[in-house]
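Trainee: I am new to reading structures. Could you take me through a few features, starting with a sheet?

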Amino acid sequence: MTIRQLSVFLENKTGHLNQILSVLARNNINIVALTVADSSDYGILRAIVSDPEKALQALRTEQFTVRVHDILSLEMDAAPGSMSKILDLFTAADICIEYVYAFSFGSKSILMVRTDNCEKAVEVILTNGLKTIREEDLK
Amino acid sequence: MIWNKDIECMDRQKMRALQSERLKQLVDRVYNNVAFYRKRMDEMGVEPSDIQSIDDIVKLPFTYKTDLRDNYPFGLFAVPMKDIVRVHASSGTTGKPTTVGYTKNDIENWREVVARCLTMAGIGSDDIMQISYGYGLFTGGLGVHYGAETVGCSVVPISGGNTRRQLQLMSDFSSTVLACTPSYALHLADALAENGYSLADMKLKAGVFGAEPWTENMRLELEKKWGIRAHDIYGLSEIMGPGVANDCICHTGLHVHEDHFFPEIVHPDTKQPVADGEEGELVFTTLTKEGIPLLRYNTRDLSTLNPETCECGRTSVRMKKITGRSDDMLIIRGVNLFPSQIEHVLLELGETSAHYMLYVDRDNNLDTLELKVELDETRLTDTIRDLQNLSRKISQALNSAIGLSVKVTLVEPKTIARSEGKAVRVVDNRKK
């Protein structure tokens, strides 16, 4: 139901993002999904990678500020309105979305969701029998 | 015009005699009424009877800002609180402010010295003075206010801030004198056009600027921008507040009101008095102060003294415009700030590492502060909002501790340079 996500603190400096990417490349770590949240002074790079533990160690060694968080991961039907349907369920349960991003892996459409109330979100997922994704599904 | 010719043009020998007399009384007063000074003097083996003339002042102990802090709030007061009629305070280095108290006589003397300052700046009862120094615990507003009333100015006690209103009243009231920090005066000048005014709308003819160090170049720039005479009023709350010294129309140094505040210059390292004209730390002894009299208070301001008679006729000793400080204290918008105060707040919060760099800049003639501080990895979450909340929390804590707004920027750990010797914590880009 959750996938480990890397969160890397990213100062707004030219070439900074690529420094992170090159560390991952040197360590032969594949990026499955990537998104950057930004403010005027800094951002947070969020990434799903092939080996989160190895990525964490490698980035730490290179002095990056990095942590790993468990993020809810759902599989969506490859049909119009499927993401909206999921979000409707969260709204009905009065759950606020902090951020989402979506990506495809093989034939699967995957939705990553961070809410303000993880427990309640899990309840919604279980009650409604939503399809979830595990890390093994991304191998 | 000279407000008090007897004193300001007094023969120097006579002045020494007056100072000697006052010093003897002062030493008696502090020895008998302030435990701190009695202890210091006893430790040094100095008795009040050892002080027979102003030359004996070198036998007396120095006083530092830390002494005021250590005796917070009223430990250095030499009279009971029933005789104190007013208290002022400035922000302190560890969250505790520096407190000073005034008796009725002190307030009268303060009035007198500010009246002298304004008169030597050519200001009198025909003037409408807009006082844009902050009123309140800060000595600037009320200090200048009483003196301005004494010389008979029509006082507009508008206090600091609100640029649009400042300009509106300056125009509507035909203010002829502006009293504020030099940087705020520049800011106001630059804000004229965007607020729909021009110099032609204003009747300003003089400015009394102080509460922060400023260069002669800045003084000339202010004169040009406003078409006025710009004067430097020097003071610090520990000694009195604004009015300790002021430059006359000759602008060849600031006349010190040495019948009240005896100045010395000492070498920053040895603390020994230096010869006239040599630069060092400016030290004051408050010859007449009753509330919180201080012996040889070291201001850490760097200056020189010139005892020659001024072209204006005054014989009082002149101090050179302050050129800098011997410690790391910054003056931001008239507020004293030690980098250690920032460190203290960060350590107390414990949300980040204590590695920081403070950038001081001047934007539109107003001082700005930006703090770059290293993010602690354990505080990193996956949302920007948490980081923004952290910045805001630090910014609010700093604001309440130092009374200044600070832009807080989080940076990556280990990106702020570590120094092997004395840490460089401040980059001051205001210096021209």
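Trainee: Which residue stands opposite B:Glu370 in β20(B)?

Mentor: Keep in mind that this is a predicted model. In general, strands of a sheet pair through backbone hydrogen bonds, either parallel or antiparallel. Here B:Glu370 faces B:Lys407 of β20(B). Strand β19 (residues 366-374) of chain B and β20(B) run parallel, joined over 5 bridges.

Trainee: In what order do the strands of this open sheet in chain B lie?

Mentor: The 4 strands follow the order β20-β19-β18-β21 (chain B), with mixed pairing. At the edges are β20 (407-411) and β21 (426-428) of chain B; each has a single partner strand, so one side of each lacks a neighbour in the sheet. From one strand to the next, the twist averages 20 degrees.

Trainee: Which strands does helix α10 of chain B touch as it packs on the sheet?

Mentor: Helix α10 (residues 339-349) of chain B touches β18 (356-363), β19 and β21 of chain B. The direction of α10 makes about 130 degrees with that of β18(B). Helix α11 (residues 384-402) of chain B also packs on the sheet, touching β19 and β20 of chain B. Between the directions of α11 and β20(B) the angle is about 135 degrees.

Trainee: Turning to chain A, which domains does the domain assignment give?

Mentor: The assignment gives domain 1 (2-67) and domain 2 (71-138) of chain A. Their centres, taken over C-alpha atoms, are 23 Å apart. In the contact, domain 1 of chain A supplies 8 residues and domain 2 of chain A supplies 10 residues. On the domain 1 side, β1 (2-11) and β2 (31-38) of chain A each contribute at least two residues. The residues of that side are 4 nonpolar, 3 polar and 1 charged.

Note on methods. Residues are numbered from 1 along each chain as its sequence is written. Chains are lettered from A and ligands numbered from 1 in the order in which they are written. This is a predicted model: local features need pLDDT of at least 70, side-chain atom pairs count only at pLDDT 80 or more; totals for chains, interfaces and linings use all residues. Domain bounds come from an automatic or database domain assignment. Two residues are in contact if their C-beta atoms, placed from the backbone, lie within 7 Å. Ala, Val, Leu, Ile, Met, Phe, Trp, Tyr, Cys and Pro count as nonpolar, Asp, Glu, Lys and Arg as charged, and the others, Gly among them, as polar. Two strands pair if DSSP finds at least two bridges between them. Axes are lines fitted to C-alpha atoms, for helices over the stretch in contact, and angles run from 0 to 180 degrees between N-to-C directions.
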